[in-house]
Amino acid sequence: MSSSEALWLEPAGGPSAAELSERRRWWEARSDSFRAHAPAALHADADRRERPAEAHGLCERYLPLDSLRGDLFACLRAWFGPALDELEVDLATSSLGRARSWLDARAELPSLASGLPAELFVRCAAAASAHALLFELFCSPRLGAALTRYPAQLSAIGAALAGESGRALRIWDAGCATGEGTWALARAARDAGASRVAALGTTPWPLELLCAQRRAFPHDPQRTAQLRAALEGLDEASCALSFARHDLRQPPPGRDYDLVACHGVLGGVVQGALPDDLRRLAGAVASGGLLSVTDAFREDRHAAVARALAELGWRELAPGLLRKP
Ligand SMILES: C[S@@+](CC[C@H](N)C(=O)[O-])C[C@H]1O[C@@H](n2cnc3c(N)ncnc32)[C@H](O)[C@@H]1O
């Protein structure tokens with residue numbers, strides 16, 4: 001989003017200049033002390049996810065995450081509180097809310113790879129950069145979607161759909177995050193010869209939904225440009241995509257889909273009730289249609305899905321890709 005474009009969320013007044021500079025100075029002192037005294041290992045390797053518990057504990061001494069969350073969320077609420085309430089966005093569910101220490105927060109937020117918390121308060125002085133930070137907290141590429149996250153699954157889907165060439169196909173992408181995977185599924189269906197594709201991507205998370213609907217990322221112009229380039233050549237007449245809010249724990253948003261995909265969802269984010277989630281996903285597939293379930297971090301999940309559905313007569317065409325009887 002360029003600075004001349006309107007913000008997606010209506011800003012309120014923002015934090016007072018005095019309050020902001022007080023918090024910024026406090027965090028600058030903390031950041032200076034971290035820079036001067038924290039062991040080198042805590043500065044390096046920002047990308048690493050697996051860290052010993054001691055590293056998080058040590059980092060907490062310099063940069064206490066609860067205080068950071070309190071201060072930063074207060075600034076973001078001062079800017080966007082009414083809009084966040086209207087959309088039912090809970091800041092505690094952002095990547096900062098889930099982090100164990102500053103080390104996790106930094107790994108989730110690409111713009112902070114080499115930064116320190118004080119910088120966040122510099123950004124909160126302007127509505128546009130606070131807005132970008134808010135979307136980054138909820139739509140980090142590490143948590144969200146990518147166009148090429150599951151290439152093997154996409155080619156297996158393409159091969160299975162080739163048999164449907166010339167037909168109009170309906171797709172539901174359950175847990176679509178910011179929507180790139182939905183576009184990739186639509187393209188795979190079209191490339192397999194579908195005469196028309198209607199794909200619905202759903203996510204329960206409102207800021208992801210805004211990115212998916214607008215095909216853009218306020219915090220990442222490069223990612224916006226990549227998505228738009230990838231969409232070139234997909235015309236609305238033969239490829240209709242829509243995005244909506246939906247939680248897998250609710251009844252499905254439709255039925256008789258030719259393909260239901262649930263990628264990267266069941267293993268990590270939706271914990272626990274696999275049989276119920278699976279029943280809802282499987283129930284939305286048309287007879288003879290496909291269910292695709294995969295998760296890069298939890299391969300046991302698609303094996304469990306295949307076992308459960310095999311008992312009901314579904315056939316596994318490729319790992320995690322099943323055809324309904
Ligand atoms: C790792 S992303 C996967 C995105 C995408 N399917 C992909 O493979 O690229 C996990 C997504 O699961 C979705 N999710 C989380 N909790 C969910 C729930 N209770 N019901 C439905 N979807 C959920 C959110 O959209 C979240 O972004």
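Is aspartate 85 buried, partly exposed or exposed? I put this first in my notes on the predicted model, and I found aspartate 85 to be partly exposed, at 46% relative accessibility.

**Entry: the partner of aspartate 85.** I then looked up what the side chain of aspartate 85 meets, and I noted a salt bridge with arginine 77, in which the closest N and O atoms are 3.0 Å apart. Arginine 77 is likewise listed as partly exposed, since its relative accessible area is 35%.

**Entry: salt bridges overall.** I looked up the total next, and the count for the structure comes to 18 salt bridges.

**Entry: glutamate 136 and arginine 123.** I recorded a salt bridge between the side chains of glutamate 136 and arginine 123, with an N to O distance of 3.8 Å. Glutamate 136 sits in helix H8, which covers residues 127-138, while arginine 123 belongs to helix H7, residues 118-123, and the pair, 13 residues apart, links distant parts of the chain.

**Entry: glutamate 236 and arginine 215.** I looked up this pair too, and its closest N and O atoms are 2.9 Å apart in a salt bridge. Glutamate 236 lies in the loop between helix H12 (221-231) and strand E3 (239-245), and arginine 215 lies in the loop between helix H11 (206-214) and H12, so the bridge ties together parts that are 21 residues apart in sequence. Glutamate 236 is partly exposed, with a relative accessible area of 49%, and arginine 215 is partly exposed as well, with 25%. I also wrote down a network, in which salt bridges that share partners join Glu164, Arg167, Asp258 and Arg323.

**Entry: cysteines.** How many disulfides does the structure hold? I found 0 disulfides. Cysteine 59 is in no disulfide, and the nearest cysteine sulfur, which belongs to cysteine 124, is 19 Å away. Cysteine 239 is in no disulfide either, its nearest cysteine sulfur being that of cysteine 176, at 15 Å. I set these distances against the cut-off, because a disulfide needs two cysteine sulfur atoms within 2.5 Å. As for accessibility, cysteine 59 is buried, with a relative accessible area of 0%, and cysteine 239 counts as buried at 2%.

How values were computed: Residues numbered from 1 in each chain as written. Predicted model: local features only at pLDDT ≥ 70, side-chain atom pairs only at ≥ 80, totals over all residues. Heavy atoms only, no water. Buried < 20%, exposed > 50% of the residue type's maximum accessible area, 1.4 Å probe, protein only. Salt bridge = Lys/Arg side-chain N within 4 Å of Asp/Glu carboxyl O. Helix = DSSP H or I, 4+ residues; strand = E, 2+ residues; numbered from the N terminus.
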